[in-house]
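Please keep the sequence and the three-dimensional view at hand while reading.

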Amino acid sequence: MSGVRRLGARWRRRRPLRTRLATAASAAVALVALGVCAAAFVVIRYELFHQLDLSLTQSATRTVQAERDSGPDVLAGECRYLSSPACAQIVPASASDDPAEPYLLPVSAAVREVAAGERAPYVSNITLFGRPMRMLTTPLGKGRALQVALRSDPVEKGVRQAAWLLAAVGGAGVLVAGGLGYWVSRTGLAPVSRLTATAERIAATRDPRHRIELPSGPPGRQDEVTRLAASFNTMLGELEQSVTAQRRLVADASHELRTPLTALRTNAELLSRADRLTDAQRDRASAALGRQIREVTGLVNDLIELARDEEPRPLLEQVRIAPLTEHTVGAAAAHWPSTPFPLHIDGEAARAVRPGVPARLTRLLTNLLDNAAKFSPPGAPVEVGLQALADGLELTVRDHGPGIAPEDLPYVFDRFYRADAARALPGSGLGLAMARQIARAHGADLTAETAPGGGALFRLTFGPVPPAGAHPVGE
Ligand SMILES: Nc1ncnc2c1ncn2[C@@H]1O[C@H](COP(=O)(O)OP(=O)(O)OP(=O)(O)O)[C@@H](O)[C@H]1O
Ligand SMILES: [Mg+2]
């Protein structure tokens, strides 16, 4: 049994899906066709013999009637010919009462028992004059049995013909089943074949721009394969987007790195001829070199952080947002001595806790505070607020600088995007991209807007506290 199962498993592994489906569908249809033919044969055979038995019973009734009307002598018959009536004979219970002439039909002990009323009437198959016959033995009363026989070869011929006919129909059914199975597997698996071909093409060309053609029709009435193909297309779209984004990041990064690296090389070359420079020139060149190296290092570090999509799970902890904000604002105030950073934390928000990575949240807030201080005039305050919402927590950073122009608002979170007005100031345009990435990894939302009365306003909104066991970070 296990051997058969193993053979079946090997067959399933080796055959392509289309062959397996064709075989299964054909086998199912063929089985039904053969089953219907077999059932039809059984019914036809039963009906034909039933008709013969009915004729026998009718003949017996007629004979009994005739015997009652005209006496026992009428009971003889010739049933050798098809058109002749049934042959009949009366058999007494005791052999001693047998007539002188021999019996036409075979008389056995069972017949005597029927005559004696010890046995129920019965039908049997006999052979007479070399022909198959069906014989009814039934009690006649007064210790006698009546035997009536009819030729059964026309019925047997009919049954044989029915068998041939049904076998032919069954065979045709099996052929049709084979054709149907092939057709079902072809049409049913056509979308799967297209899906496979597309997947193979993508694997070969490594180009995620390919798509599977979907049949037209309302989306609600699509079958499973079409839905699978649609999801596959969506996945390809996302893959294409991510590949494009990565390519763009690499292209942008190399472009952004080119300018500081060129300046760095110029200063390095200048310093290599230090003997021809005055002390003042040498100091200026080495200071510029140091600054440019710090810039490039910062840029490369930012890029590395941006390329990392997830926050590492082991660093995740329950972060108390208020102390983290206070600490970060304190550090920014030290870094930007001419900018006051008034901080307002409302009572309930002081106890707020969210799962997260403290170093990353500090980085997010630092980027917002640095921008606010960098873009606003010296002495203008940068207001930081932390307040509880009905179903969350909101951290705001508002400055009194020039604000963000409406045409720049949709792009400030893009990598390397810097408004024209910001080009004079140091920076590479990665700060806000990184801030939004960190916010998303923490399940929070970061938005920019123009504050009422001028200046930029950034809002970081956390949702409600996630249930225990849920990990928003990196998901
Ligand atoms: N507080 C702000 N006020 C006005 N404009 C801002 C403010 N914050 C950001 N921007 C605009 O958004 C752009 C993108 O900001 P982002 O922090 O990403 O880059 P950056 O500060 O120029 O460079 P980096 O942060 O990488 O040093 C800025 O160049 C600036 O045009
Ligand atoms: Mg910035």
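**Helix packing, overall form and ligand shell**

In this predicted model, helix α2, spanning residues 17-70, and helix α4, spanning residues 153-205, have axes that come within 7 Å and cross at roughly 160 degrees. Angles over 145 degrees count as roughly antiparallel, and α2 and α4 are therefore roughly antiparallel to each other. Their crossing is right-handed. The contact of α2 with α4 involves 27 nonpolar residues, together with nine polar and two charged ones.

Helix α7 covers residues 321-335, and its axis lies 10 Å from that of α8, at an angle of about 45 degrees. That angle makes α7 oblique to α8. The crossing of α7 with α8 is right-handed. On the α7 side, the contact is formed by Leu324, Thr325, Thr328, Val329 and Ala332. These residues meet Pro358, Leu361, Thr362, Leu365, Thr366, Leu369 and Ala373 of α8. By residue class, the contact of α7 with α8 comprises eight nonpolar and four polar residues, and no charged ones.

The helices may now be placed in the context of the whole protein. The protein contains nine helices and eleven strands. Its radius of gyration is 50 Å, whereas the globule rule gives 23 Å for 475 residues; the value is well over that figure, so the protein is more spread out than a compact globule. Taken along the principal axes, the box filled by the C-alpha atoms is roughly 160 × 55 × 45 Å.

Which residues come nearest to ligand 1? Of the 22 residues around ligand 1, the nearest are Arg418, Ala419, Ala422, Gly427 and Gly431. Two helices, α8 (358-375) and α9 (431-441), each supply at least two residues of the shell. The largest share comes from α8, which contributes four residues to the shell around ligand 1.

Definitions and conventions: Residues numbered from 1 in each chain as written. Chains lettered and ligands numbered in written order. Predicted model: local features only at pLDDT ≥ 70, side-chain atom pairs only at ≥ 80, totals over all residues. Near = placed C-beta within 6 Å. Axes fitted to C-alpha atoms, helices over the stretch in contact; angles between N-to-C directions. Parallel < 35°, antiparallel > 145°, perpendicular 65-115°, else oblique. Left-handed = near helix turned anticlockwise from the far one by under 90°. Nonpolar A, V, L, I, M, F, W, Y, C, P; charged D, E, K, R; others polar. Contact = placed C-beta atoms within 7 Å. Rg over C-alpha atoms; globule rule 2.2 N^0.38 Å.
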